Structure formats: structure tokens, C-alpha cells
Amino acid sequence: MIRDIFENHVGFMEGTFFSELFGYDITVWYEKDIPLAYIEKNIEYFNNLDEEVVLDICSALKRYYEFYKDVLPDVCEECEYIHGDVLKNYEVDPKSILECIHLGTYEFNKCNPEDEDIPVLNLGGDCDWIGDSGVRIAAKNNELLFVGKWCDINLWSKGPRDIYDSMFNFANQDSSDE
């Protein structure tokens, strides 16, 4: 499942896998002492995401786009130059918004052995509507926890959780207006 595994320049293990959802290879990063079986189990989870989770991600990405279209319309205009109207097909096919993001990494942090059956997503990459800020998508146990600009998230950290409550987290906003 994971190909070309090696230890990278910062001491993490790195390899690639094919994403069924996105149709391209994604790099996986994980700490050396994390069992490969745990990583592969999560990749299998990602490649077989429940439709509801995928649609939650798409809905959050739509909120992320709409926010930045209001705040930074010139950056979003560049995105629309590339893709046309980003939301043109959203109502018919919400997954169409996924064409505007380009995931590069699926990152894993160490968890307690008893938590290894809890599926996690910690995906980062480029986002056409916000330039260098990118995108981070984080979920644990089928609950979408964060969608927004790229940031470093450890889903197992017991430290401050401010990022999850941020106004820039488009996963936890009321979607009743959709």
C-alpha cells in the first residue's frame, strides 16, 4: 500500500500511496516508532471514507472558499481564472470543490496503543483560492475537527485546542445556511 518508504531529512518516515478519492499519489509522514500497520489501516480508512464524511469535508471547503472570496476577492479571482466558477457545480456535485485542492501530505503523530483503532485524517496541501496559506483537513473517529489554512495539528495532543475553536476553522461552523 505504501511505496518507497525511507527516513527523510528530519527523521520522519516517508512514503507515498495512491488516493482513491483524489486520484493521485499523496506523501505520508510518520514518526519512526509508529507501527506501519496503524498507518496502513488509516490509509485504507481514507481510501474508503464514508460518503457523509466526504460531504462534510466538501461543505467545510465551501465555507472556507466563501470566506476568502469575501475577504480576499483578488486571490479568489485567480482561482476562478484557473477553474471557472469554483461553486458552479457544487449543488449538483459537492465533490467538485475537491478539484481546487491538492493534498500533498498525510501526517501521523504517535498515539497510545489503545487508540490505534481510532481512524484519523491529518491532510495538508495546496488550495487554489488562498495561495500560500494552503489547506489542512483533520478528523478523528469520523468527526471532522478542522478545515482551514495549513497549520500544524497533532490530533493526539492534550495541549491547547484553540485552533479547533478558531473562526478560521470551517469544520465547526453552523452549516444551516447551506
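Guide: The expected span of a helix is 1.5 Å times one less than its number of residues. The model discussed here is predicted.

Visitor: How far does α1 reach from its first C-alpha to its last?
Guide: Helix α1 has 12 residues. At 1.5 Å a residue, the expected span is 16 Å. The reach of α1 is close to that expectation, at 16 Å.

Visitor: In what order do the elements of the chain run from the N terminus on?
Guide: The secondary structure of the chain comprises 4 helices and 7 strands. Starting at the N terminus, the order of these elements is β-β-β-α-α-α-β-β-β-β-α.

Visitor: Which elements do the buried residues of α1 pack against?
Guide: The buried residues of α1 are Y38, I39, N42, I43, Y45, F46 and N47. A residue counts as buried under 20% relative accessible area. The partners of these buried residues in packing are β2, β3 (24–30), β4 (101–108) and β5.

Visitor: Why is the pair of F17 and F46 classed as it is?
Guide: The structure holds 15 aromatic pairs. In the pair of F17 and F46, the ring centres are 6.1 Å apart and the planes stand at 85 degrees. Planes over 60 degrees apart meet the cut-off for this class, so the pair of F17 and F46 is edge-to-face.

Visitor: How many residues apart are F17 and F46?
Guide: F17 is buried, and F46 is buried as well. F17 belongs to strand β2 (residues 13–19), and F46 to helix α1 (residues 36–47). Their pair links distant parts of the chain, with a separation of 29 residues.

Visitor: How far apart in sequence are the parts tied together by Y65 and W129?
Guide: Y65 and W129 form an edge-to-face aromatic pair, with 5.4 Å from centre to centre and 75 degrees between the planes. Both residues are buried. Y65 lies in helix α2 (residues 51–71) and W129 in the loop between β5 (120–127) and β6 (131–140), so the parts tied together are apart in sequence by 64 residues.

Visitor: Which residues do ring pairs link into a cluster?
Guide: F17 and F46, the pair with ring centres 6.1 Å apart, both belong to this cluster.

Definitions and conventions:
Residues numbered from 1 in each chain as written. Predicted model: local features only at pLDDT ≥ 70, side-chain atom pairs only at ≥ 80, totals over all residues. Heavy atoms only, no water. Phe/Tyr/Trp six-rings, centres within 6.5 Å; stacked < 30°, edge-to-face > 60°. Helix = DSSP H or I, 4+ residues; strand = E, 2+ residues; numbered from the N terminus. Buried < 20%, exposed > 50% of the residue type's maximum accessible area, 1.4 Å probe, protein only. Contact = heavy atoms within 4.5 Å.
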